[in-house]
Structure formats: C-alpha cells, structure tokens
Amino acid sequence: MIREHEDIVIQTVCRFFIPFMQAYGLYVLAHGHGSPGGGFQGGCILAASFILMTISYDLKEVKRRFSEKLNVLFCSLGVFIYAGTGLVCLLLGGNFLNYGKLSKILPTDPVMARYYGMAAIETGVQITVMAIMVSIFLNLVTAGKHEETVEEEDAGDNSK
Amino acid sequence: MIWQINLVLLSFAVIAALTAISVKDLLSAVVLLGAFSFFMCLLWTEMGAVDVAFTEAAVGAGVNTAFFIAAIYKTTRRTKD
C-alpha cells in the first residue's frame, strides 16, 4: 500500500475517477442546505479520494500533492473558520454562531446572512474533516512514522 | 415505508453483523462490516432518513473499511481468540 505498484489499468481509472470524486465532494458541500449532505459527508468523500490515491499510486505521490505541513495547516484552518465565524457573530452583538448578525457586515438581509454563515461553517467542517481523515489514514498505514519512511526511501533512491 | 422491505433489510443487517463478529478471518470481518453498513444505509434510506443514510454510506462503507483494512495490513490477519 505504501510502495508503488505499476498497474496501468488501476492508475488510469483512478486518475479519471479522483477528480469526479472531489467535484462530488464539493457538490455535496454546496447543496448541503436543501438536500442531504453537508460538511462532514463532503469531507469524508474528499478524504476517500485521497485514500484512493494512496492505494492506487503510492504514499510519495500523495505527500507530493498534499504534504504533511499542508495537512496540519488544513486541520487547524477549518476550526479557525468555524470558530472565527462564531466569534464574528459574537463581536457583532449576537450569540455565538448567531448568523443573523452577519447582515451588518455582509451586503444582504439577515435571512441570506444566515445562509452564508451556515455555508461558511460547513466549509470549515469540510476542510477539517478531510484533513483529519487523511491524517488518520496516513498514520494507520505507516504506523505513525511516515516522515522517517519517506526520508529513508529518498535516501535509498539517492544511493542507487 | 414498506414493512416487508424493512424486515428483509433488517434480517440481512443482523446476519451480516452476527457473521462479522463470529468469523475468524479479520479481513472477512471487515468486508462483512462494510456489508452491514450498506444494509443499514439502505434501511435508513427506506425509512426516510436520507441524511443519516448518506453519512453511513460515506463514513461506514467508504472510509471506515479503508481504515480497518489499513489496521489489518499493519497487524495480523488471523484472530487470536
């Protein structure tokens, strides 16, 4: 699962499939108000696309596209968006996550401000769920020491 | 909401769950757990809880199976007890 398999069928199918999975994850997020879905499900679908990339290619390919530093950054960025939206509502005179108060800074009425506030926190939830799921999978599949593994593989490649 | 379909799906879910906890091969147990998640997803869809069914399909059948297979890949495939 970590090492690279040279299978042209699996790699080609996954290369066509992964962008559609990620677009579907964003669709689930964007239509989460009126239909089933939302940030958590969309984040799980985005994480599943990265898991499929790990299985079909190898760990280095995933780390090249979605590095560990970016993963940690996304983990905290989603929480920051969620809590920041709530704190902005708090600063504007409402309760925590009272999106109606966002109409003071957004050029909309309170009804649409609630819509945009919900979309903002769902975006935060999606980013955090995606990053945490990818992080859990990478830690499971490498027994928690993938930084050393990648460095050893790089050193092995240089010595060849 | 048709109670015959509910009964059939519930029977399949119970059979899949009982087989998953009694089988010795852990990879088979993981696959049976994925089947259990899928039957629960169908059951929830049939009972009208589409949001819960979607979460079950995304998490239970999709990500959870990959997590368990990764854990088996790092440990043993046969159960000790």
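Buried residues make up 26% of the 81 residues in chain B, where buried means 20 or more other C-beta atoms within 10 Å of a residue's own, exposed means 12 or fewer, and partly exposed covers what lies in between, with C-beta atoms placed from the backbone. For chain A, 31% of the 160 residues count as buried. This is a predicted model, in which local features need pLDDT of at least 70, side-chain atom pairs count only at pLDDT 80 or more, and totals for chains, interfaces and linings use all residues. Residues are numbered from 1 along each chain as its sequence is written, while chains are lettered from A and ligands numbered from 1 in the order in which they are written.

**Overall layout**

- Chain A has 6 helices and 0 strands, where helices (H or I, at least four residues) and strands (E, at least two) are DSSP runs numbered from the N terminus.
- Chain B comes to 3 helices and 0 strands, and reads α-α-α along the sequence.
- Along its principal axes, the C-alpha atoms of chain B fill a box of roughly 45 × 20 × 10 Å.
- In chain A, residues 24 or more positions apart account for 63% of the contacts with a separation of 6 or more; two residues are in contact if their C-beta atoms, placed from the backbone, lie within 7 Å.
- For chain B, 57% of the contacts between residues at least 6 apart in sequence join residues at least 24 apart.

**Where the chains meet**

- The contact draws 16 residues from chain A and 14 residues from chain B.
- On the chain B side, those residues split into 10 nonpolar, 2 polar and 2 charged, with Ala, Val, Leu, Ile, Met, Phe, Trp, Tyr, Cys and Pro taken as nonpolar, Asp, Glu, Lys and Arg as charged, and the others, Gly among them, as polar.

**The nonpolar core**

- The largest nonpolar core has 41 residues, a core being a set of buried Ala, Val, Leu, Ile, Met, Phe, Trp, Tyr and Cys residues joined through C-beta atoms within 7 Å.
- Each of these helices supplies at least two residues of this core: α1 (8-30), α2 (39-56), α3 (59-65) and α5 (110-141) of chain A, plus α2 (26-46) and α3 (50-74) of chain B.
- The most comes from α5(A), with 10 residues.
- Among the residues with the most contacts inside the core are Cys44(A), Phe137(A) and Val63(B).
- Met130(A) is also one of those, and leaving out residues up to four places away in sequence, Met130(A) touches Gly43(A), Leu46(A), Ala47(A) and Phe74(A).

**Helices worth a look**

- α2(A) has 16 of its 18 residues buried, so this helix is largely enclosed by the rest of the structure.
- The ends of α2(A) agree with expectation: the C-alpha atoms are 26 Å apart, and 26 Å is what 18 residues should span at 1.5 Å a residue (expected span being 1.5 Å times one less than the number of residues).
- α1(A) bends by about 25° at Phe17(A), with the proline Pro19(A) following within four residues; a bend is the angle between axes fitted to the seven residues ending at a residue and the seven starting there.
- Gly25(A), Val28(A) and Leu29(A) are buried in α1(A), and their cover includes α2 and α5 of chain A.
- α3(B) has a kink of about 35° centred on Asn64(B).
- The buried residues of α3(B), including Phe54(B), Glu56(B) and Val63(B), pack against α2 and α5 of chain A together with α2 of chain B.

**The α4–α5 loop of chain A**

- Leu97(A) sits in the loop between α4 and α5 of chain A and has a positive phi, near 65°, in a residue other than glycine.
- With 17 other C-beta atoms within 10 Å, Leu97(A) is partly exposed.
- Leu106(A) lies in that loop too, between α4 (68-91) and α5, and is partly exposed with 14 other C-beta atoms within 10 Å.
- Not counting residues up to four places away in sequence, Leu106(A) touches Ala113(A) and Tyr116(A); the C-alpha atoms of Leu106(A) and Tyr116(A) are separated by 9.1 Å.

**Confidence**

- Chain A has a mean pLDDT of 84, and 87% of its residues reach 70 or more; pLDDT is the predictor's confidence in each residue, from 0 to 100.
- Over residues 156-160 of chain A, pLDDT stays under 50, and the model has 0 contacts beyond four places in sequence for them.
- Where pLDDT is low, the predicted coordinates should not be read in detail.
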